[in-house]
Amino acid sequence: MPDTDRLRGSIPPLVTPFRAGKVDERAYAKLVEFQISQGSHGILVNGTTSEPSTLTIEERNRLVEVAVETARRRILVVAATGSQSLAETEVLTAHAARVGVDALLIVTPYYIRPPQRGLIDYFIGVTGRLEIPWLVYHIPGRTAVGVTIETLASLRDRSKTFVGIKHASNDIGFVSECMIRFGPHFRVFVGLEELSFPMMALGACGLMNAVGNVAPRPLAELCLAVWKNDLARARLVHDRLFEVNKATFLDTNPIPIKYMMKRLGLLVENEHRLPMAPATPEVAQRLDEVLRRCGLINKEGKAVRRISVEREGRSFRKAVALSGSN
């Protein structure tokens, strides 16, 4: 079993910056540096938030290379290498392992709706000859297929490098099932922003949340608070981020995230590839209202880099560095 002690904490799935239709590698490298400066424990490359289905295999592979080259072992690099196609997943996975990522995240094949026995053979077929730790990406809302606890148990029995799961589902009880069945060393990462604190309180080891593109430091703080058993502090961070977390899903991810990053100066361009599209004026207005209420932009629409919250009848204003020099 590989050493997974470092595989925990806040590992945001980075967006993919585009400029004039092309992947902006320089901007991507800056996002990696931003995450390092803000205390994130790692980065996830080519997760759902990166719009991977709109990228070519070559672009996905290049983003992994840029992440590894930029990180220089200062931060964990996890590569999401799954796709609908077994052959494509094998190419992506082999490349990520070859260039030196710390772990792999492999999504259940989407649209196909395979049986559990097919999932097991698929994952074992992709990872069987690799020595790198890997996790299942469980996001049934996007893939139309879930994994069962029995499937995870079978993968544990058949793969010495299978170490956990990213759980992007509102089934909180599944976290407890994993902890009880597989023990505390089984890695469960939370993939739904609003359930970050509850799932971590049950034993999840960290977060892979899109909102980490906008507010990485508070997510790292939440993880640290839970590890210290300071649940009051963790809940404060959770409450402070709650409205931003909800705003993440005012439209299909990462449409709101990219809009907010542009407003905060973290992206030069708010650009997507079809069939994704930028936020509508209506969604943009709602996002601006959220950013103002949370103290991230002022009345003039300028980023002020702080979050305001109301908790237990008292007003808190916590200074949080939300972006570096732009």
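**First stop: a serine**

Select S50: at 1% relative accessibility it counts as buried (under 20% relative accessible area, with over 50% being exposed and in between partly exposed, using a 1.4 Å probe on protein chains only). This is a predicted model, where local features need pLDDT of at least 70, side-chain atom pairs count only at pLDDT 80 or more, and totals for chains, interfaces and linings use all residues. Residues are numbered from 1 along each chain as its sequence is written, and side-chain values use heavy atoms, leaving out hydrogens and water.

S50 sits in the loop between β4 (42-45) and α2 (57-71). Now show G47: its backbone oxygen is 2.8 Å from a polar atom of the S50 side chain. Leaving out residues up to four places away in sequence, S50 touches L14, V15, T16 and L55 (contact means heavy atoms within 4.5 Å).

**Next: an asparagine**

Jump to N253, in the loop between α10 and α11 (255-263). N253 is buried too, at 9% relative accessibility. Setting aside neighbours within four places in sequence, N253 contacts T48, T49, R142, A210, T248 and M276.

**Last stop: two helices**

Select α10 (residues 231-247) and α12 (residues 281-293), which pack at about 170 degrees with axes 10 Å apart. That angle makes α10 roughly antiparallel to α12 (over 145 degrees; under 35 is roughly parallel, 65 to 115 roughly perpendicular, the rest oblique). Show E243, V244 and A247 on α10, then L287, V290 and R293 on α12, to see the contact. By class, this contact has four nonpolar, no polar and two charged residues.

Note on methods: Axes are lines fitted to C-alpha atoms, for helices over the stretch in contact, and angles run from 0 to 180 degrees between N-to-C directions. Helices (H or I, at least four residues) and strands (E, at least two) are DSSP runs, numbered from the N terminus. Ala, Val, Leu, Ile, Met, Phe, Trp, Tyr, Cys and Pro count as nonpolar, Asp, Glu, Lys and Arg as charged, and the others, Gly among them, as polar. A polar contact is a pair of N or O atoms within 3.5 Å; within protein, one must be able to donate a hydrogen and the other to accept it, and residues adjacent in sequence count only if both atoms are side-chain atoms.
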